[in-house]
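Good morning, and thank you for coming.

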Amino acid sequence: MFIVWGTKILRSTAGRRADYCLLCRGFQPHRVIRVKSVGHVYYVPLGFGKLVGFEHVCESCNLKRYHEPDEFDPLTSSDRHADVETLIADTNPDARREWASRLAIDDRIRSDKLLPGERSAFLDESFTLANVLLVHRTAATHFDSLSSLGMLATIAVPFAVAAIVSMLPKTGADPVGMAVVAGFVCAMLTIILLATDGRRHTRRTILPVLIRAIRPLRPTVEEIDGILESLHARKDKLGKVLKTHQVVDALTFPAD
């Protein structure tokens, strides 16, 4: 008899916490996810498992940071509506002291007082962190509105085609065959939409986050082009799906 057993990773929400976000450049509410390794038999968890770490996910940009379990046991809040200042007071009162040096740099960024080398480093950092967002997105299959419609069409269109063909005057067409062809076309379209989800997600969600991060640094077209070429050369996903003109065009729009 073959027995399916082993360990699997389980994630559960521990609460919310205020933390500094490197991409938002400021304190933001974060979701704290408790990550455990749990033994299982036939995928049924056995026991409470072993804590392997915590994931802090920024509620503004979705940037995820991982913390080892022995770093700290984070204080969290169950208040889903608490603002960042309340969360700082309740869950991370030492935050401003711990991040004082980074906050000072943020002030220099806003006042345009960075040295050239520092400015280049923070531009690179913003694009690198945006690439991390894309990597997390593409690590699993996601159905957005378009791919969901494609999946729905894969199910519904064959039945609709078969019904329509069967109601038409005698044409010699096979309703079942036509339905199979229609289902195959819709399935291929859905696969294409799933494969291109990262590109659409970048334009729709990641690009606005990136623009907020780099706008105070006032990058030139040449700098943007150089960074994206570097990402592409390293085979990073963002360098493959994001184009210089998209970043430049987005920067032309006024800040929110």
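This is a predicted model: local features need pLDDT of at least 70, side-chain atom pairs count only at pLDDT 80 or more; totals for chains, interfaces and linings use all residues.

Residues are numbered from 1 along each chain as its sequence is written, and side-chain values use heavy atoms, with hydrogens and water left out.

Two packed helices are described by the angle between their axes and the distance between the axes. Helices here are DSSP runs of H or I of at least four residues, strands are runs of E of at least two, and both are numbered from the N terminus. Axes are lines fitted to C-alpha atoms, for helices over the stretch in contact, with angles from 0 to 180 degrees between N-to-C directions.

The axes of helix α3 (residues 100–110) and helix α4 come within 12 Å and cross at roughly 105 degrees. Helix α3 is therefore roughly perpendicular to α4 (65 to 115 degrees). Contact, meaning heavy atoms within 4.5 Å, joins R102, I105, R108 and I109 of α3 to E118, F122 and E125 of α4.

Helix α4 (residues 116–138) also comes within 11 Å of helix α8 (residues 221–233), axis to axis, and the two cross at roughly 50 degrees. In this pair, R119, L123, D124 and F127 of α4 meet E223, I224, I227, L228 and L231 of α8.

Finally, D19 is found in strand β1 (residues 5–21). Is D19 buried or exposed? D19 is buried, at a relative accessible area of 6% (buried means under 20%, exposed over 50%, partly exposed in between, with a 1.4 Å probe and protein chains only). Among the residues that D19 touches are F27, R65 and W99.

How values were computed. Angles under 35 degrees count as roughly parallel, over 145 as roughly antiparallel, 65 to 115 as roughly perpendicular and the rest as oblique. Lists of a residue's contacts leave out its neighbours within four places in sequence.
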